[in-house]
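Subject: Structure handover

Hi,

Here is the structure I promised to pass on to you. Please have a look, and then read on for my notes.

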Amino acid sequence: MMFGLMQDRPLLISSLLDHAEQYHSATEIVSRTCEGPLVRETWSSLAVRARKIAQALIRLGVKPGDRVATLAWNTHRHLELYFAVSGMGAVLHTVNPRLYPEQIGYIVNHSEAKVLCFDIPQAGLVADLLPELGHVQTLIALTDAAHLPDLPGCLAYETLLGAEDGAYDWPVFDERTASSLCYTSGTTGNPKGVLYSHRSTVLHSLIACQSDGLQLSSRDSTLLVVPMFHVNAWGVPYASALCGAKLVLPGPKLDGASLWDLATTEGCTFSLGVPTVWLGFLAHMDQTPGLDATALKLRRIVVGGSAAPRAIIERMRDMGIFVIHAWGMSETSPLGTIGNLLPKHDALPVSEQVDVQVKQGRAIWGVSLRLVDDDGAVLPQDGSVSGNLQVRGPWVTSGYYRAEGGPAVDAEGWFTTGDVARIDSDGYVQITDRAKDVIKSGGEWISSIDLENAAVAFPGVAEAAVIGLPHPKWQERPLLVLVRKPGADPDPADVLEFLSHRVAKWWLPDAVEFVDELPHTATGKIQKTKLRDQFRDYVLPDHH
Ligand code: ADP
């Protein structure tokens, strides 16, 4: 073996910001703030502010490897912390403010964060939690002196930043150094920390900027809807620096009207979010008379986190917006598969192209996928069978923070995702369920995702969830739970008739129920566990 003679420069997050500062200095970062107004920065001014906040953190005693936690929405200040904390060699620990307070307390204690940075709307939550946060020494409110909440010892971000000169060089260190930490809600037990590295983050950013990735480039104005506490906003803050894209950060306002306003006024071409967000966006368009759809410059949106319903893909297509359906998880940074079309699909009629788009896409370079049965035997990838999806790659976790939950991968490095999927002969992955949500009827599996996607295509249905309920003969049978669109009153019989043309007969739900609202997780997914609890005593009609 002979080593090559190329320079072994470490892949560091600071290099992304340096590049954006030098080559895309005038490109804007527009942010809705928690105080209300929009703030306009550029990659150049943001880089200076990031250096200043790094200086301030060092002055406050933050050392390489220390955890700096954030409880914050998507704002320019949060973005500055992304680069400052990781850039100086510390670990940015993003915490989801929508979690239950006890979970937030657990997570911040588990990471032993020394500093907690928070948005002003979280001040009450922080005040309540503070007595239990044993490791936190410094509180920083992400605001200026005028808006500083009344918390003992709390510092104002802008005051700290204003005291520094920005004369700071990002240190150079091993690219495998930890950069950020994100806890997953965890399918079982306590939340578990996924610890990303500089190397994994930079490699992952390159994929986002590929043509067959998310196609992110300096021509994009990105509306970053996916929260920066949800798997590093799917890696897009870093990738945007790498390619010099404009970033538009919606702050705490994620409702349809606010997103519409930002997207149209800032000329956004690209956006990302979970399906629920897009349902809200489309509902706003439907409910606003006289809205000028041509004002929207969006051309691509990434939908992930849960399955993108066909109805969203089609509606967006009608407006000239291509839905890039992507699959991933906290443990995969998150990009695992990305749903672009292949040249052979170009000639297909639209409905058949949409058939491809409803699948979750193909593995990107760097990500290896395989399907195994419950005994671990490897299954074929020809679309014929579904199995447990396993993944391996340089931005896939090798183990949880502080070894929580025991080993995360097998001896060959495969991580079991907990998702059940099929992979067709072109490599397109179709997630049929989370292993724990699969409905087992008469020894066969019914995909709750397929049923839900079919149900939301029915006019008058705003949202749908399918859960399996015990059945004396079939073991489990599906119950369809629907939320009506405002002013609509769909007839259950019509919904079932509609579904009967879209799914196998034996998949048809045994009953349909309506609720005002479905329970959602902190990341906007339907909370099946809670829904199953809600319908625990429900008795399905006996018509089999
Ligand atoms: P959690 O939801 O547990 O907090 P993640 O955000 O990491 O954690 O969620 C990852 C999970 O979300 C995946 O394992 C998968 O079940 C689901 N998921 C993500 N993207 C998709 C998609 N495009 N289609 C269906 N399910 C998806």
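I'll begin with the ligand: one of its nitrogen atoms sits 3.1 Å from an N or O atom in the side chain of H325. Please bear in mind that this is a predicted model. One is 2.6 Å from a backbone N or O atom of S330, and an N or O atom in the side chain of R434 lies 2.8 Å from an oxygen of the ligand.

Nine strands make up an open, mixed sheet, running β2-β1-β11-β10-β12-β13-β14-β15-β16. Its edges are β2 (38-42) and β16 (362-363), each of which pairs on one side only. Further in, β1 (residues 28-32) pairs with β11 (residues 246-249) in the parallel sense, over three bridges, and I29 stands opposite L247 of β11. Helix α2 (residues 43-59) packs on this sheet, where it touches β1, β2 and β11, and its direction makes about 90° with that of β2.

Helices α10 (residues 256-265) and α11 (residues 275-287) pack with their axes 8 Å apart, at an angle of about 80°, which makes the two roughly perpendicular. From α10 the contact takes G256, A257, L259 and W260, and from α11 it takes V277, G280, F281, H284 and M285. Six of these contact residues are nonpolar and three are polar, with no charged ones.

Best wishes

Note on methods. Residues numbered from 1 in each chain as written. Predicted model: local features only at pLDDT ≥ 70, side-chain atom pairs only at ≥ 80, totals over all residues. Heavy atoms only, no water. Axes fitted to C-alpha atoms, helices over the stretch in contact; angles between N-to-C directions. Helix = DSSP H or I, 4+ residues; strand = E, 2+ residues; numbered from the N terminus. Parallel < 35°, antiparallel > 145°, perpendicular 65-115°, else oblique. Contact = heavy atoms within 4.5 Å. Nonpolar A, V, L, I, M, F, W, Y, C, P; charged D, E, K, R; others polar. Pairing = 2+ DSSP bridges. Polar contact = N/O pair within 3.5 Å; in protein donor to acceptor, adjacent residues only side chain to side chain.
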